[in-house]
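Please have the coordinates open while working through them.

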There are 2 protein chains.
Amino acid sequence: MKMNQIKELHDPTVAWFPAPVVLVSCTNGEKANIITIAWTGVVCSQPPLISVSIRPSRFSYKLISNSGEFVVNIPTSTQLEETKLCGSKTGKDTNKWAACGFTPVKATKISVPLIKECPINIECIVVKTLTDIGTHSIFIGEVQVVHVDPQAAPKSTLDVIPLCYSPKSGIFGESSAINEED
Amino acid sequence: MKMNQIKELHDPTVAWFPAPVVLVSCTNGEKANIITIAWTGVVCSQPPLISVSIRPSRFSYKLISNSGEFVVNIPTSTQLEETKLCGSKTGKDTNKWAACGFTPVKATKISVPLIKECPINIECIVVKTLTDIGTHSIFIGEVQVVHVDPQAAPKSTLDVIPLCYSPKSGIFGESSAINEED
């Protein structure tokens, strides 16, 4: 990087923040759904707390708001297409589990199914909800238990954060490095 | 991944959540500091909001709490050692700018200096603070402006999230893929 390179000034946006992408599963007891989330992060070590932000108009918002539970499923870089689908379809109309070939598996502590094909599943109970902050509301979830495929232990950066989001190219990962001409 | 692989159950922890690593700069007007943060994420699109979580005992906590401002600087994968230093030393005793060879540059909207050598700098004003949730308190900052090195436009996953954190290996990136024997 050239030290004398003049930086561009951009209007206020979260677009340049490094955003990992996760799959959040939720349920109303009868119908389970999956939503792709990039507005997410750790907020505390003890208790272990994770935030996920969702627009109140989303189908998943109501499921989480009513049940007080969700699972954070970490996708692999090979699940790019499934992750894109879960972020572009609504669970009102689409059975995303079937569309993605995902298998719902009973969780240990909560009623929300895990995605079997994701190597890491983090079961959470909502302890705090922040509304009226803007386009999104924040669910802060306390981790109850974590399911880990023993082979998921990270060997490289791309194992820790297989998929990420950028405004230029949407969701992408190792298997879809952006072509410079895009 | 073998579909019949039995997953391990782990006690509640945030350790398996994909955590990007950023450098947060802050100041009391006389002394500017840098702290490495992995507990961070986007929480809203409009207004553009980013959360950073810090232990109240940290030097940087007081700087941000008193000033109500901070900058999120996104490090490159080549700044791994500097990022580790900023996360392991206290600004009370160490001038981290000098120790890292970082250059403070005047921000546009706030009083906190940016790190010139980081390709992306996100200026934020604290709009909400959540305390008494646990070991960490959450500062939610509203983005004021973003400085971007034109050459920072992402070409691959590792450009979007150059450094990340895992409990097994601490902070690492492309240049330090974990050896399987570690």
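**Exercise 1: the interface**

Task: state how many salt bridges the rule finds across the interface of chain B and chain A.

Solution. With a salt bridge taken as a side-chain nitrogen of Lys or Arg within 4 Å of a carboxyl oxygen of Asp or Glu, the rule finds 0 across the interface of chain B and chain A. The side of chain B that touches chain A draws its largest share, 8 residues, from strand 11 (residues 137-148) of chain B, strands being DSSP runs of E with at least two residues and helices runs of H or I with at least four, numbered from the N terminus. This is a predicted model, in which local features need pLDDT of at least 70 and side-chain atom pairs count only at pLDDT 80 or more, while totals for chains, interfaces and linings use all residues. Side-chain values use heavy atoms, without hydrogens and water.

**Exercise 2: pairing between chains**

Task: find which residue is the bridge partner of His10(A) in strand 11 of chain B.

Solution. Strand 1 (residues 8-10) of chain A pairs with strand 11 of chain B in the antiparallel sense over 3 bridges, where pairing requires that DSSP finds at least two bridges between the strands. Within strand 11 of chain B, the partner of His10(A) is Val146(B).

**Exercise 3: a sheet in chain B**

Task: determine the order of the strands in the open sheet of 3 strands in chain B.

Solution. The order is 2-12-13, with antiparallel pairing; strand 2 (19-20) and strand 13 (170-173) of chain B are the edge strands, each pairing on one side only. Strand 12 (residues 163-166) of chain B is joined to strand 13 of chain B by 4 bridges, and Cys164(B) stands opposite Phe172(B) in strand 13 of chain B.

Methods
Residues are numbered from 1 along each chain as its sequence is written. Chains are lettered from A and ligands numbered from 1 in the order in which they are written.
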